Number of protein chains: 2
Amino acid sequence: MTVPKKKGARNKSEILGATIELLESINYSSLTIEAVAARSSVGKTTIYRWWKHKSDLVFDAFIAKTETIYEFDLTKSTYENFVQQLLTLTSVLKSGIGRAVLTVVAEEREIAAKFLNDYLTPRRVETKKILQVGVDKGEIQDNCDFGIILDMLYGPIYFKFILFNRIPDQAYIESLVTQVMKGIGLNNSSYLEE
Amino acid sequence: MTVPKKKGARNKSEILGATIELLESINYSSLTIEAVAARSSVGKTTIYRWWKHKSDLVFDAFIAKTETIYEFDLTKSTYENFVQQLLTLTSVLKSGIGRAVLTVVAEEREIAAKFLNDYLTPRRVETKKILQVGVDKGEIQDNCDFGIILDMLYGPIYFKFILFNRIPDQAYIESLVTQVMKGIGLNNSSYLEE
């Protein structure tokens, strides 16, 4: 009984990997289930057994790809952690799978709801921890609205990407985090090192 | 010679008006050129003479609708002007024509480029004036990066709208502007009146 299950899990991760790889060279609308099947050496029916539509497949590939990359180091400063988080986010957004998932989010309401529930919301729970540790360490004020602070950090990145078709660079991210920290910081020197 | 020209201009504004009105009760995908023609009492060919596709028509209707609504009063404080600007933006985004234009922006690259060039970029030139007057009046610091400040104000609104499917309310907007002002303000009392 365990053998086919293992094989299933291996197949699944190979299919998701093939999807991510293919999207590095082609865009979402050109992606076909046939190409994913060929690249992961499974039959099309195997793919359709797990994913009804390529949008579902792309979404799951995105979640698989981003599951482990947003780790942060709470011994570092709030400033450093947010710069790192936003750099990781921009690298995700400019990757093929990142662009593809935003295309799907724009086109399909159901996937937009999944993006919010399965990606953005859990990520926000995690990033609020960075703020809480900042408060606990005395780096930032204890009366600030965490939701608004996160919107001020993440909103501009998505705004630039979606509406300006631009990926913010490191200099932009450092300026943004510095500016946000100015409004919530207690000790200027701790985050304005450079 | 002037009579047909006037008629053309009147027709054009009636067509744009009919588009805006129709989008209050139906969404973008249900909008048809037939319905716009019927409501504005012109022939379909008249509409197609000016707009090749309904996405172009919707974009022009959006520009017509928003042309005059973003006026600001430079005798008021920076805080008050930005709260007013963001309230106006949210009322635009939640209107039928606002939702429609964002649908089009998500679907069509060409319209996304027009949205950036013909709407966002000129709006940014205008809103930078609010910041410059704030600097001149001594309300805000003279060394801040205007682009980043505007991204911190406008980014969260679009972020909430596009990815969270939520329209920020007045309380959110006031908290956001207050928080942004904390990082750039010189005189707390001038914008933290309430």
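The structure is a predicted model, in which local features need pLDDT of at least 70, side-chain atom pairs count only at pLDDT 80 or more, and totals for chains, interfaces and linings use all residues. Residues are numbered from 1 along each chain as its sequence is written, chains are lettered from A in the order in which they are written, and side-chain values use heavy atoms, with hydrogens and water left out.

On this basis, chain A exposes about 9400 Å², of which carbon and sulfur atoms supply 51%. Of the 194 residues in chain A, 52% are buried (under 20% relative accessible area, 1.4 Å probe, protein chains only). The secondary structure of chain A consists of 10 helices and zero strands, helices being DSSP runs of H or I of at least four residues and strands runs of E of at least two. The C-alpha trace of chain A spans about 60 × 40 × 30 Å along its principal axes.

The contact between the chains (heavy atoms within 4.5 Å) takes 30 residues from chain A and 30 residues from chain B. Chains A and B bury about 2700 Å² between them, 73% of it on carbon and sulfur atoms; buried area is the accessible area (1.4 Å probe) lost on putting two parts together, summed over both. Phe159(A), Leu163(A) and Gln179(A) supply 23% of the area that chain A buries against chain B, more than any other three residues.

Two salt bridges are counted between chain A and chain B (a side-chain nitrogen of Lys or Arg within 4 Å of a carboxyl oxygen of Asp or Glu). Lys160(A) forms a salt bridge with Asp151(B), with the closest N and O atoms 3.4 Å apart.

Definitions and conventions. Buried means under 20% relative accessible area, exposed over 50%, partly exposed in between (1.4 Å probe, protein chains only). Accessible areas come from the Shrake-Rupley method with a 1.4 Å probe; for residues, only the protein chains shown count as cover.
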